[in-house]
Amino acid sequence: MSLIRAEQLTKNYVAGDVVVNAIQGVDFTIEPSSFVCFVGPSGSGKSTLLNMIGCLDRPTQGRLTVLDTDVGALDRTAAAEFRGQHIGFVFQDFNLLPVLTAYENVEYPLVMVQRWPMEARRKRVMEMLEAVGVADQANKYPAQLSGGQKQRIAVARALVASSKVVLADEPTANLDHATAMRIIDLMKTMRNELGTTFVFSTHDPKIMAEAETTFTLEDGRVLRTGR
Ligand code: ADP
């Protein structure tokens, strides 16, 4: 059974009188414990696809199944619950909460969604901050951190709750080579040890080299599927 399955998946945005066919009837499957990339020019539909897989947006037509759940049929509350339990995100602009420290941003999914006890939480948050190399920045606020540091904290937050699926929009875009490799290694370890599936939107050849499958999008269609 595939982890993610799209069947004739379609997304139209309506802006005034204009309809944008962002995703035009695509089919694909993503297997458990895999690294998958969506590539393609700006506007080809990568973010739209990631947002639908992450239940942030709903299909207009067709069917999208994630972990045996028809996510297009979830209402807002059920979608939020599903997201909190199963999906981690690394957004391109990080989306860190400015009023929380680095530590508190990473801790957030464990408090708000999964309700971990305090001691286990503290240990887990510090492990993740160390794994991405920013443990010494734990008490700083996002405004006091560089782009690369914020990126690493966003990655730690996405991985902290051991979600089954992690969606990452250009997760290495602001990182130097060594840091990017370190984060890719961390993701590979999670994939191998926990069976996490990573779905990327990326142009980074370092990530593409690790992917089992690359889907090339153009104008909302899958042009090519390959390595
Ligand atoms: P990519 O991530 O590959 O750059 P997107 O998924 O962001 O592509 O966009 C696909 C198409 O859908 C583009 O034409 C974009 O302008 C359009 N689009 C994306 N989001 C919206 C929205 N909220 N309202 C209207 N059009 C949108």
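Contact here means heavy atoms within 4.5 Å. This is a predicted model, where local features need pLDDT of at least 70, side-chain atom pairs count only at pLDDT 80 or more, and totals for chains, interfaces and linings use all residues. Residues are numbered from 1 along each chain as its sequence is written, and side-chain values use heavy atoms, with hydrogens and water left out. Helices (H or I, at least four residues) and strands (E, at least two) are DSSP runs, numbered from the N terminus.

**Stop one: H3 and H5**

Select residues 102-112 for helix H3 and 147-159 for helix H5. Show the side chains of Ala102, Asn105, Val106 and Pro109 in H3; they meet Ile153, Ala156 and Arg157 in H5. By class, this contact of H3 with H5 has five nonpolar residues, one polar and one charged. (Ala, Val, Leu, Ile, Met, Phe, Trp, Tyr, Cys and Pro count as nonpolar, Asp, Glu, Lys and Arg as charged, and the others, Gly among them, as polar.)

How far apart are the axes of H3 and H5? They lie 7 Å apart, and the helices pack at an angle of about 25°. H3 is therefore roughly parallel to H5. Axes are lines fitted to C-alpha atoms, for helices over the stretch in contact, and angles run from 0 to 180 degrees between N-to-C directions. Angles under 35 degrees count as roughly parallel, over 145 as roughly antiparallel, 65 to 115 as roughly perpendicular and the rest as oblique.

**Stop two: H3 and H4**

Look for Tyr103, Val106, Glu107, Leu110 and Val111 in H3. Their partners in H4 include Arg121, Val125 and Leu129. The residues of this H3 and H4 contact divide into eight nonpolar, no polar and four charged.

**Stop three: H5 and H6**

On the H5 side, pick Arg152, Val155 and Leu159; on the H6 side, pick Thr179, Ile183, Leu186, Met187 and Met190.

**Stop four: the largest pocket**

Now turn to open space. A pocket is an open set of points on a 1 Å grid over the protein atoms alone, where a 1.4 Å probe fits, with protein on both sides within 12 Å along at least five of seven lines; lining residues have an atom within 4 Å of a point. The largest pocket has a volume of about 540 Å³, counted as the space filled by probe spheres set on the points, which are joined across faces, edges and corners. Of its 18 lining residues, Ile87, Phe89, Tyr108, Pro109 and Val113 are the closest to its centre. Helix H2 (76-86), strand E6 (87-90), H3 and H5 each give two or more residues to the lining. H2 gives the most, with four.

**Stop five: the second largest pocket**

The second largest pocket holds about 180 Å³. Select its lining, including Met52, Cys55, Asp57, Leu74 and Arg83. Here, too, H2 gives the most, with four residues. The lining has seven nonpolar, no polar and five charged residues.
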